[in-house]
Amino acid sequence: MIDNNVFRDISYGMYLVTTKNEDFSSGCIINTLIQITSQNPLIAISLNKNNATHDEIVKSKRFAVSVLSEETSQEVIKTFGYFSSKEINKFEKVKYEEKNNLPVVLEDISSYLICNVVNIIDCETHDLFIGRVEVTNKVSDKIPMTYKYYHENRSCCKKYRKNCDIYFCKFFS
């Protein structure tokens, strides 16, 4: 038997991954990012294969990661976590800048990284993208948001249970 609540005991952060392929920008919220190396830094992120941002990273071979803070607005979390980039322009109502030709969301974040994909590992329902870190920037001293903090304080399913017909309680990005 598998108790899925055990996975919430594993320490995760909350991140906003963005990419741009030609003129189409996309992005989504993820909770799976690890630093693999510190010299010639590599990180790994995991995205569901059904995710629009996944497909755009496969095409562009580049991505940016904004490290969300505990002060990141519910609007940013809702927009990038509960809607598909195929359905809405996620960038029209958030503060972002083009950095190295990638959209980087800067609104209430701690820092960001820009990466080039060096490998993609198939993990059944998800792909693990290995990225060479090309740029980092510490934007603020705001406390990075953890997955636990998100579930206890910011989750749509907890906070907006009565409105789940409006806010989907799954990540559709």
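Strands E1 and E2 make a hairpin with two residues between them, and Glu 22 in the turn has a positive phi of about 60°. Strands here are DSSP runs of E with at least two residues, helices are runs of H or I with at least four, and both are numbered from the N terminus. This is a predicted model, where local features need pLDDT of at least 70, side-chain atom pairs count only at pLDDT 80 or more, and totals for chains, interfaces and linings use all residues. Residues are numbered from 1 along each chain as its sequence is written, and side-chain values use heavy atoms, leaving out hydrogens and water.

E1 (residues 15-21) pairs with E2 (residues 24-30) in the antiparallel sense over seven bridges; pairing takes at least two DSSP bridges between two strands. Thr 19 sits opposite Ser 26 in E2. E1 also pairs with E5 (residues 62-68), again antiparallel, over four bridges, and here Leu 16 faces Ser 66.

So what about cover? Seven of the seven E1 residues are buried, meaning under 20% relative accessible area with a 1.4 Å probe and protein chains only (exposed is over 50%, partly exposed in between). Tyr 15, Val 17, Thr 19 and Asn 21 point one way, while Leu 16, Thr 18 and Lys 20 point the other.

Leu 16 is also among the residues with the most contacts inside the largest nonpolar core, which has 21 residues. Such a core is a set of buried Ala, Val, Leu, Ile, Met, Phe, Trp, Tyr and Cys residues joined through side-chain atoms within 4.5 Å. Helix H2 gives this core the most, with four residues.
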